[in-house]
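Visitor: Could you walk me through this protein, with the cut-offs spelled out as we go?
Guide: Gladly; here it is.

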Amino acid sequence: MKSSPGSLLISLGALVLSYAGIRVGCLPDPFAGAGIPLEIVFNELLAKNQGPAYAACRMFPNKNSQPGQPRITGHVLFKQLDPKSGVEGYFNLQGFPSSSIKHPMHVHELGSVWDSCESTGKHYNPFNTNHPNHPGDFNNFEVTGGKIVKRLTGLKVTLFGINSILSRGVVLHNGVDDLGQGGDSGSLQDGNSGRPIACCVIRVNLIVKHMHLLLEIYPFAD
Ligand SMILES: [Zn+2]
């Protein structure tokens, strides 16, 4: 599929609108199987430009949540200067009960979240390794004052190429990740992290390019 400059601009606009939560009906559904997903088109452009790349994931509560589960919302932002650099991650979530101490987040293989977070499949595992060695095993985050606010550097995921995490899911779980030390198969698969309580889809996002503005809004801890 060839993209004219005009259609590229429309696609770019659609991605920005998509970030703002606005569906654009006339554009192809990236998951419909017809045409090239927009994320792949942009990923190819990013690869040619050698970065930097920016992505965002807007976290929403699991539609399949049990009654009484906390309603977690927020953002996970990613920045990668070029394909060989580590990824910076900015995690800012709120809505945790005061009893929460820590919860894990991981990249899951599918960016399918419309029916429930369970549709995101297993941990993204392109190199066929055990947990917690999957590239998107971000593991446990401390909850302080009902929030997770954390900046991590050197994450082993990538926004470029065939192993890109673009269009995949980030899932927050209700348990605690045992980091593969649980002594059972579940531990080596997902750290026995429990049910998903919130999730999101990782999207290319040029708004995140203005990271300095976001950093003024969100006091990310080091
Ligand atoms: Zn894992």
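**The core and its strands**

Visitor: Which residues touch the most other members of the largest nonpolar core?
Guide: A nonpolar core is a set of buried Ala, Val, Leu, Ile, Met, Phe, Trp, Tyr and Cys residues joined through C-beta atoms within 7 Å. A residue is buried if 20 or more other C-beta atoms lie within 10 Å of its own, exposed if 12 or fewer, and partly exposed in between, with C-beta atoms placed from the backbone. The largest such core has 38 residues, and those touching the most other members are Ala55, Met59, Val170, Leu172 and Cys199.

Visitor: Which element gives the most to this core?
Guide: Strands S1 (53–61), S2 (73–80), S3 (87–94), S4 (102–108), S7 (169–173) and S8 (196–201) are the elements that give two or more residues to it. Strands (E, at least two residues) and helices (H or I, at least four) are DSSP runs, numbered from the N terminus. With six residues, the element giving the most is S1.

Visitor: Before going on, what kind of model is this, and how are residues numbered?
Guide: The model is predicted: local features need pLDDT of at least 70 and side-chain atom pairs count only at pLDDT 80 or more, while totals for chains, interfaces and linings use all residues. Residues are numbered along each chain as its sequence is written, from 1.

Visitor: How many bridges join S7 to S8?
Guide: Two strands pair if DSSP finds at least two bridges between them. S1 and S8 pair in the antiparallel sense over two bridges, with proline 61 having alanine 198 in S8 as its bridge partner. S7 and S8 also run antiparallel, and glycine 169 stands opposite valine 201 in S8. The number of bridges joining S7 to S8 is five.

Visitor: How many residues of S8 are buried?
Guide: Cysteine 199 touches Met59, Val113, Cys117 and Val170, among others, not counting residues up to four places away in sequence. S8 is mostly covered, and its buried residues number six of six.

Visitor: Why does proline 70 count as buried?
Guide: Proline 70 is found in the loop between S1 and S2. Leaving aside neighbours within four places in sequence, proline 70 is in contact (C-beta atoms, placed from the backbone, within 7 Å) with Gly95, Phe96, Pro97 and Ile197. Proline 70 counts as buried because its C-beta neighbours inside 10 Å number 20.

How values were computed: Contact = placed C-beta atoms within 7 Å.
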